[in-house]
Each structure stands twice: as structure tokens, then as C-alpha cells.
Amino acid sequence: MAQHVHQPIGEEIRSIAGYYMVLEEGMLKYRDREVLYLLEAAAADTSCCGGAGMGFIMVPGYIRELRGRKNEDGLWVSEVDRVEDEGERREITRELKARHPGFHQIIFA
């Protein structure tokens, strides 16, 4: 089991070369479980090598408990099980790409 900290929707999370942001959170029914996924965008806007950006989908895992508590920063925390099985990852990837055809990169935590 792992913990997922929910970042505010639409808020830039800065890093040394740019930022990323969560655009939307979603749930996908897969077999008898629900998968938590995030539509995210990243931009390198302060890099010395030029700017770039991309959209991607992050999959924290199967939901065990959604937003069960808040952490010390006031952010919601969920309990998830990581998606470890390669066959399940392929099927979930296929379903997410069908649901969000503009996003080609799927990342499993």
C-alpha cells in the first residue's frame, strides 16, 4: 500500500527548470477496482536549453481509501495499491488512451 498526496488542481508546482500541474483527477473502473489517475501538464520554461511542454497521465494506483485524511500541509491523502502487473498496466493504458486520446504518455507510480 502507498499514499498519494493530492495536489491542488491547476496550481503550478515549480521545480528548477519549470513546473507541472494537475489538470484533472479521474477514476477508471477496472475489473472490480477503481484506478486513480491524473491528467497533468509539465513545462520547462526556465531551462537554459529552451522551452518545451507535454501532457501526460499519472496513475498512482488502485484506490483503497480516497481522501481519507489531510497531511500537515492541508493536502488530501489517499491510500492506493500500486499497479504492478504488466498485463494490467497494458490494459489500463489502453483504456486511458481511449478515454483521453490527446495524452500519449502514461506513467505508473
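I take a contact to mean heavy atoms within 4.5 Å. On that basis, 48% of the contacts in the protein with a separation of 6 or more are between residues 24 or more positions apart.

**Ground rules**

I am working from a predicted model, in which local features need pLDDT of at least 70 and side-chain atom pairs count only at pLDDT 80 or more, while totals for chains, interfaces and linings use all residues. Residues are numbered from 1 along each chain as its sequence is written, and side-chain values use heavy atoms, with hydrogens and water left out.

**Overall layout**

I counted elements as DSSP runs numbered from the N terminus: helices are H or I of at least four residues, strands are E of at least two. The protein has one helix and seven strands. Along the sequence I read the pattern β-β-β-β-β-β-α-β. The C-alpha trace spans about 45 × 35 × 20 Å along its principal axes.

For burial I used relative accessible area: buried is under 20%, exposed is over 50%, and partly exposed is in between (1.4 Å probe, protein chains only). Of the 109 residues in the protein, 35% are buried.

**Strand pairing**

I called two strands paired if DSSP finds at least two bridges between them. I went through the pairs in sequence order.

- β2 (residues 13–14) pairs with β3 in the antiparallel sense over two bridges. I13 has Y20 of β3 as its bridge partner, and a hairpin of four residues joins the strands.
- β3 and β4 run antiparallel and are joined by eleven bridges. Y30 is bridged to R33 in β4, and the hairpin has two residues between the strands.
- β4 and β5 also run antiparallel, with nine bridges. L38 has M58 of β5 as its partner.
- β5 and β6 (residues 76–81) are antiparallel, joined by five bridges. Y62 stands opposite D81 in β6. Their hairpin has five residues between the strands, and G74 in the turn has a positive phi of about 80 degrees.
- β5 and β7 run parallel over four bridges. V59 is bridged to F108 in β7.

**Helix α1**

I checked the length of α1 next. The helix has 14 residues and reaches 20 Å from its first C-alpha to its last, close to the 20 Å expected at 1.5 Å a residue; the expected span is 1.5 Å times one less than the number of residues.

Its buried residues are E88, R89, I92, T93 and L96. They lie on the same side of α1 because they cover an arc of only 135 degrees around the axis, taken from the directions from the helix axis to the C-beta atoms. Exposed R90, R94 and A98 are carried on the face turned away from the buried side. The cover over the buried residues includes β3, β4, β5 and β7.

At the N-terminal end I found D85 as a cap, with a side-chain oxygen 2.9 Å from the backbone nitrogen of G87.

I also looked up R89, which is found in α1. Not counting residues up to four places away in sequence, R89 touches V83, E84, F108 and A109. R89 and I106 are 17 residues apart in sequence and 9.4 Å apart in space, C-alpha to C-alpha.

**Nonpolar core**

A nonpolar core here is a set of buried Ala, Val, Leu, Ile, Met, Phe, Trp, Tyr and Cys residues joined through side-chain atoms within 4.5 Å. The largest one has 14 residues, of which V35, Y37, I57, V59, I92 and L96 touch the most other members. At least two residues of this core come from each of β3 (19–30), β4 (33–44), β5 (52–70), α1 (86–99) and β7 (105–108).

I listed the contacts of V35, leaving aside neighbours within four places in sequence: G26, M27, L28, Y30, V59, G61, Y62, I63 and I92.

**Positive phi**

Most residues other than glycine have a negative phi. I noted two residues that depart from this.

R31 is not a glycine, yet has a positive phi of about 55 degrees. R31 is found in the loop between β3 and β4 and counts as exposed, at 54% relative accessibility.

R67 has a phi near 50 degrees, again positive in a residue other than glycine. R67 is placed in strand β5 and counts as partly exposed, at 34% relative accessibility.

Technical notes:
Polar contact = N/O pair within 3.5 Å; in protein donor to acceptor, adjacent residues only side chain to side chain.
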